[in-house]
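Dear colleague,

I am handing over the structure we spoke about, together with some notes on its charged side chains. Please read the notes alongside the coordinates.

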Amino acid sequence: MDKVLSLDIGGSSIKSGLVDINGIITNEKKVILNEETYNGFIDAVKSIVESLDEKPLGITAALPGGYDIEKDEIFAPNLTILNGRHIKHDLEDIFKIKVMAENDANLAAYGEYVFGDKKSVKNMVFCTLGSGFGGGLILNGRLLQSNITLFEVGHLSIDFNGRQCGCGRRGCLDEYCSTSGLKEIYKKISGSDDITPYQLGSMAETGDDNAVKTFKEYGKILAGAFANLSALFCPEKIKFGGGLSELSKYYINDLQEEFDNIIFPAYKGRVKIETATLKNQAGMAGGAALFFNL
């Protein structure tokens with residue numbers, strides 16, 4: 001069966017897999033970006049392609065930032081070696097096959113929708129919670145796209161005098177709903193930020209008061225973000241994935257309770273909140289869905 005090579009590009013590594021038209025992923029691999037240069041990035045992609053047993057129909061790249069589709073230029077605050085580069089042109093020139101690129105959260109949204117929710121809903125917001133806060137919008141059954149990647153929800157400001165974001169603005173959701181945002185909450189409560197999200201989860205599991213309070217506040221902040229998105233689009237579902245979604249049992253109840261209290265009253269009961277089902281495979285699946293025009 002024909003397959004596409006899907007690349008999910010992160011700040012320190014590239015996840016990859018061969019994906020068929022049914023969303024089945026094989027040949028999964030993770031390559032660490034040891035060399036912090038664009039040439040090092042290209043070499044990492046070459047190593048992935050050279051390891052394949054079969055030639056893919058094409059390559060899709062899930063990018064950690066904004067992508068100008070017309071100019072083939074990237075703005076990646078968390079992976080600056082890609083900034084201003086022409087990834088589509090360069091990969092097509094090297095491998096002589098079709099290449100498509102999109103924002104990683106947009107592709108995750110599309111993968112989660114096509115291979116999970118397409119038969120049940122038409123409008124869905126998908127958010128990624130990890131080193132940043134990203135999102136994608138499915139509107140009337142299609143991924144919202146334009147000549148530049150859209151739906152940069154992580155850069156909606158909730159405090160114009162708030163924390164400095166990597167994009168240059170202040171108060172972005174990227175700084176409050178991400179891993180660093182979770183750690184800032186814990187620092188405010190405990191005085192220490194020397195902790196990982198998974199350590200916080202372990203502490204919450206044992207009933208540690210500071211950890212429990214941290215997740216409670218995080219859930220409420222996330223509820224505010226979701227309520228704002230609901231006011232704009234009233235999607236049938238808001239789904240969230242990414243690393244922090246794996247800790248959702250520690251904040252999902254507070255998130256849901258706060259969301260129900262603050263959502264625009266006319267939309268109350270119309271928007272479901274769910275965790276992702278494809279987890280870290282959503283971006284790769286979405287790349288294939290876009291390539292095969294599903």
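Does D254 count as buried or exposed, and what is its relative accessibility? The model is a predicted one, and in it D254 has a relative accessibility of 16%, which lies under the 20% limit, so D254 counts as buried. D254 forms a salt bridge with K216, with the closest N and O atoms 2.9 Å apart. Because D254 lies in helix 7 (residues 252–262) and K216 in helix 6, this pair ties together parts that are 38 residues apart in sequence. K216, for its part, is partly exposed, with a relative accessible area of 37%.

Helix 6 (residues 209–233) also holds E217, which forms a salt bridge with K188 at 2.6 Å between the closest N and O atoms. Since K188 lies in helix 4 (residues 179–190), that pair ties together parts 29 residues apart in sequence. E217 is partly exposed at 26% relative accessible area, whereas K188, at 59% relative accessibility, counts as exposed.

A further salt bridge joins the side chains of K237 and D117, at 2.6 Å from N to O. This pair links distant parts of the chain, with K237 in strand 11 (residues 237–241) and D117 in helix 3 (residues 104–117), 120 residues apart. Both K237 and D117 are buried, and they belong to a network of salt bridges that also links E112, K239 and E274.

Conventions:
Residues numbered from 1 in each chain as written. Predicted model: local features only at pLDDT ≥ 70, side-chain atom pairs only at ≥ 80, totals over all residues. Heavy atoms only, no water. Salt bridge = Lys/Arg side-chain N within 4 Å of Asp/Glu carboxyl O. Helix = DSSP H or I, 4+ residues; strand = E, 2+ residues; numbered from the N terminus. Buried < 20%, exposed > 50% of the residue type's maximum accessible area, 1.4 Å probe, protein only.
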